[in-house]
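Student: I have a structure open and would like to talk it through with you. Could we take it step by step?
Tutor: Happy to, let's have a look together.

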Amino acid sequence: MKAGIDPNDKRIKHVILRGADMDTEGNNYETSITFEKAMQDEVIIAYKMNDEEIPRDHGYPMRLIAPGIVGARQVKFLSAIILSEEESTSHWQKRDYRGLPPYIGPTDYQDFEMVPSIQEYPVQSAFCSPAASTKISRSKGEFDVMGYAWSGGGRGIIRVEVSIDGGETWQAAELVQDPDQDIVCLNSWNLNLNLNLYLSSDRLQRKSERKLYNKLFCKIEIR
């Protein structure tokens, strides 16, 4: 490598990235990614955007681009790159951007060492239609549900399932992807939900005979 780094050096576990921007106490923004991730071909140090110098808002003069990981690790205004056996000890790596269990509230004691720092984007999905708080009449019989799903780490989505009865039963949605898009981890999806399939459900029979108010649930599976 031009930088004189041996990619087979087992001591290198992390790549620390330091930005030129500072907090109110004069600490440079700093975080780290794994050396394994940094060595992937898709990870680059960018100095141009659309054949022009990167705008200041996007991290001039250089920034990290690492597809599949959270934006907090993609340091802007890059001023230093350090290879290390340990991850960065900065506040943003050790005490921020960590996924704590849902039972830990904002006023509870938080042991940041109990969970690793967030690197890859979590698997996520969102509903686009029907809109939130939409009321669907039982007499309608069926209606269309649409949304999108994406995963972190560059892995693709292989299945999206939707539930209208609180997770008791699930229906597989149809995945749709533009053949020209270059982001394999992003899919839109749609499903025609037949309400008649759910009318025998005890969970729904307890609801109003005229309106259906159940929440929609979604689960997705990745490669």
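Student: Is I45 buried, partly exposed or exposed?
Tutor: Keep in mind that this is a predicted model. The cut-offs are under 20% relative accessible area for buried and over 50% for exposed. I45, in strand β3 (residues 44-46), has a relative accessibility of 34%, so the class is partly exposed.

Student: Which residues form a nonpolar patch with I45 on the surface?
Tutor: Patch members need over 30% relative accessible area, and I45 has 34%. Together the patch has about 450 Å² of accessible area.

Student: Among contacts between residues at least 6 apart in sequence, what percentage join residues at least 24 apart?
Tutor: A contact here means heavy atoms within 4.5 Å. Taking the pairs at least 6 apart in sequence, the share that joins residues at least 24 apart is 59%.

Student: Is strand β11 largely enclosed or largely open, and why?
Tutor: Strand β11 covers residues 157-163, which makes seven residues. Five of these are buried, so the rest of the structure leaves β11 largely enclosed.

Student: Which residue is the bridge partner of V162 in β12?
Tutor: β11 pairs with strand β12 (residues 171-172) in the antiparallel sense, over two bridges. V162 has its bridge partner in β12, and that partner is Q171.

Student: Which strands stand at the edges of the open sheet of four strands?
Tutor: The order in this antiparallel sheet is β8-β10-β14-β13. An edge strand has a single partner, so one of its sides is left without a neighbour in the sheet. On average, neighbouring strands of the sheet are turned by 30 degrees against each other, direction ignored. The edge strands are β8 (124-129) and β13 (174-176).

Student: Which residue in β10 is the bridge partner of A126?
Tutor: β8 and strand β10 (residues 142-150) are paired antiparallel over five bridges. The β10 partner of A126 is Y148.

Student: How many salt bridges are found in the whole structure?
Tutor: One of them joins D9 and R11, with the closest N and O atoms 2.8 Å apart. R11 is exposed, at 55% relative accessible area. A search of the whole structure gives a count of six.

Student: In the salt bridge of R159 and E161, which residue counts as buried?
Tutor: The closest N and O atoms of R159 and E161 are 2.9 Å apart. R159 has 35% relative accessibility, so R159 counts as partly exposed. With 16% relative accessibility, the residue that counts as buried is E161.

Student: Which residues do salt bridges that share partners join into one network?
Tutor: Salt bridges that share partners build a network that includes E87 and K94. These two side chains meet at 3.3 Å, N to O. K94 is partly exposed at 23% relative accessible area, while E87 counts as buried at 16%.

Methods. Residues numbered from 1 in each chain as written. Predicted model: local features only at pLDDT ≥ 70, side-chain atom pairs only at ≥ 80, totals over all residues. Heavy atoms only, no water. Patch = residues over 30% accessible without salt bridge, like charges linked within 9 Å, V, L, I, M, F, W, Y side chains within 5 Å. Areas by Shrake-Rupley, 256 points an atom, 1.4 Å probe, with all protein chains shown as cover. Salt bridge = Lys/Arg side-chain N within 4 Å of Asp/Glu carboxyl O. Buried < 20%, exposed > 50% of the residue type's maximum accessible area, 1.4 Å probe, protein only. Pairing = 2+ DSSP bridges. Axes fitted to C-alpha atoms, helices over the stretch in contact; angles between N-to-C directions.
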